[in-house]
Amino acid sequence: MSLPKFVVPVSPLTGESLAGLIARAANENLITSPAHVFSHLGMPIARLGSVATRHSAFCNDLAHLIGAMADELRPLFYKRMDRQVAGLGAEIEFFGSHLALRCRESKIRRLSPESLRVSAHHRAAWELRFLQWCPESFQYLLSHCPSCDKSFGWEKLAGIHTCEHCGADVREQDAEYVSDSEKDTARLISDLVLNGDAATWIRASLHEDLRQLVDVDLLCLALALASRFEWSPKQVHAALYEMNRASAPSLEMWRMGFERIGNWPDSAYEIVNAQLAIPKEDAGYGMIEELGPVAAHLMPVNADLAKVLRRVVTDSYARNGVIALRPIGSSAEWHRPGWLPSIEARKKYKLTGWTVEQASRSPEVRRITHERGERSPSLLHETDLLRWLQKMKEALDVSEAMQCIGIPEHAVWDLLELGHLKLLTSETRIMNPRKGFIEVESVTALKDGLLARCTPMNCDDEDIVSLRKAVDCSSVPVSPWTMAIDFILKGDLNVSRHEDPSASFIDSLLVRRKQFEAKISGNIVLPELRESPLLMTYNDAATLLRTSPGTIVQLARERKIRSEGCGAGRRAARRSVYDYAMAHLGAVKPTQSGSGPTEME
């Protein structure tokens, strides 16, 4: 079937955002709603501002629809980066810059009247929340219509320069400009993340400690130094997401931060030295009682910025002749009724270090920590620990959960990812994806939730099949187990129960084949894959793509999917397997043979 194509073709303009391009193309072709654009391509209905980070698989179809070249469109999609700082979210590549995903605004459309008068298209730079100004005109961006005071959004497509609520032309409005004294600072920040040549020059002027930091780390470091580390890491990141000029960092604060970056490392030494407490002696160990506010910035283990700051603190120790050992606390604090130091808990109950670590991470186990470094002992509440260990013994691993529910392993991980099942432990089992301890209560709740949705059906209806058969015969290349279960729990997919006691749990659920296909087809949404394991076995990848393990081996050799390891334990990166499936929608034959899974062309 040939894909639809707009009558008036549109190509990207310099610096244009993907959402702005689609909106402009729709307006040129008299389409007023993003939903109508998505329906032409069979895409999941989504906010127009989110397309650039969620639907790169539709790049070729979207380019064909609007009459542009796919190679022109592809750079407008923002690739997810591998690095993810714990608790601070995912990161993306934004036209060559490495930024936090939450730095990008996807809901509210921000505009510069003067730049729109030059060319009525939406600039990608306007999506960055920490840029309060337009890098072209240095005019502060408008997020609300001056005429009706309602937010500009992406719900209706009436032209980028037009308010969708009152119809006012934004080009006829005016806005405040960055003052002449602050333009150099505004230009520095804009060039760092938007101008590749200027960014290269800026980085060349930095101290060697800072040249390898990604853009988001440099921005965070500027704010951390400007606040003298009094802002916590979360406050620093939150400042990058703040669009309200009244509460966002001022250009004066940015100027101060980048001046201190220019004086690195002396500027950092000055701040750290002012926060170091007088060394004290305790049990023969040299110790620092407090590091002051800088301590909070040293903790994230997967952040490059934290490594740089730790080195600065260590150098400050050396400059001041301070012994770089952690405090061990007072031994009197280690003995409290009902509490056990973690090392004693391991000996008393014959536990592994991993088990104690998981227990200490659980919110169900109360703990006391001195928060003064690695040498300070952590105390666990003994009753809480024993209760948690009992739950641990009763927990299911992934294989048991598969047998209990009746779905394949990759669907178990997807259900965990979407919150329908819960892991008892918090550690990501990357190198052994079959390990994972799932709460029995969450499995029971899922089964009860599915059965609670069952409604009477006419079992003589030839269109009724088991859920497993509907999934096996589905034309969707990515196995739609998770989407089907999600739809059932939400009440969007009717299901009845087959009372045959010999049928497995999932086989006892019956659906109407036509309704199933209508709901599932075109509505597959991939999970974010943040907490679940990053790898899956080749056999599981073959099951997911409905092909043979040999085909997966070939795809890995051709580097169409990412692979790690070799031999019997070969594994594929889950995200690359999902992305390959979504990028090759027509590569799977929907027919199912009796000898095994279908082969991929």
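Q: In the hairpin of strand 1 and strand 2, with 2 residues between the strands, which residue takes a positive phi?
A: Strands here are DSSP runs of E, at least two residues long, and helices are runs of H or I, at least four residues long, both numbered from the N terminus. In this hairpin the residue is Phe 95, with a positive phi near 50 degrees. The model is a predicted one, in which local features need pLDDT of at least 70 and side-chain atom pairs count only at pLDDT 80 or more, while totals for chains, interfaces and linings use all residues. Residues are numbered from 1 along each chain as its sequence is written, and side-chain values use heavy atoms, with hydrogens and water left out.

Q: How many bridges link strand 1 and strand 2, and in which sense do they pair?
A: Two strands pair if DSSP finds at least two bridges between them. Strand 1 (residues 91–94) and strand 2 (residues 97–100) are antiparallel, with 4 bridges, and Glu 91 has Ala 100 of strand 2 opposite.

Q: Which residues of helix 4 are buried, and where do they lie around its axis?
A: Buried means under 20% relative accessible area, exposed over 50%, and partly exposed in between, with a 1.4 Å probe and protein chains only. In helix 4 (residues 59–66) the buried residues are Cys 59, Leu 62, Ala 63, Leu 65 and Ile 66. Seen down the helix axis, these residues fall within an arc of 160 degrees, so they line one face of helix 4; the arc is taken over the directions from the axis to the C-beta atoms. Among the elements that cover them are helix 1 (18–28), helix 2 (34–41) and helix 5 (70–73), and after helix 4 comes Gly 67, with a positive phi near 85 degrees.

Q: In what order do the strands of the open sheet lie?
A: The 3 strands are ordered 8-10-9, with antiparallel pairing, and the edges are strand 8 (464–466) and strand 9 (496–497), each of which pairs on one side only. Strand 8 is joined to strand 10 (residues 509–512) by 3 bridges, and Val 465 has Val 511 of strand 10 as its bridge partner.

Q: Where is the pLDDT under 50?
A: As the predictor's confidence in each residue, pLDDT runs from 0 to 100, and the protein averages 81, with 83% of the residues at 70 or more. One such stretch is residues 323–334, and another is residues 429–434, where the pLDDT is below 50. Where pLDDT is low, the predicted coordinates should not be read in detail.

Terms used:
Contact = heavy atoms within 4.5 Å.
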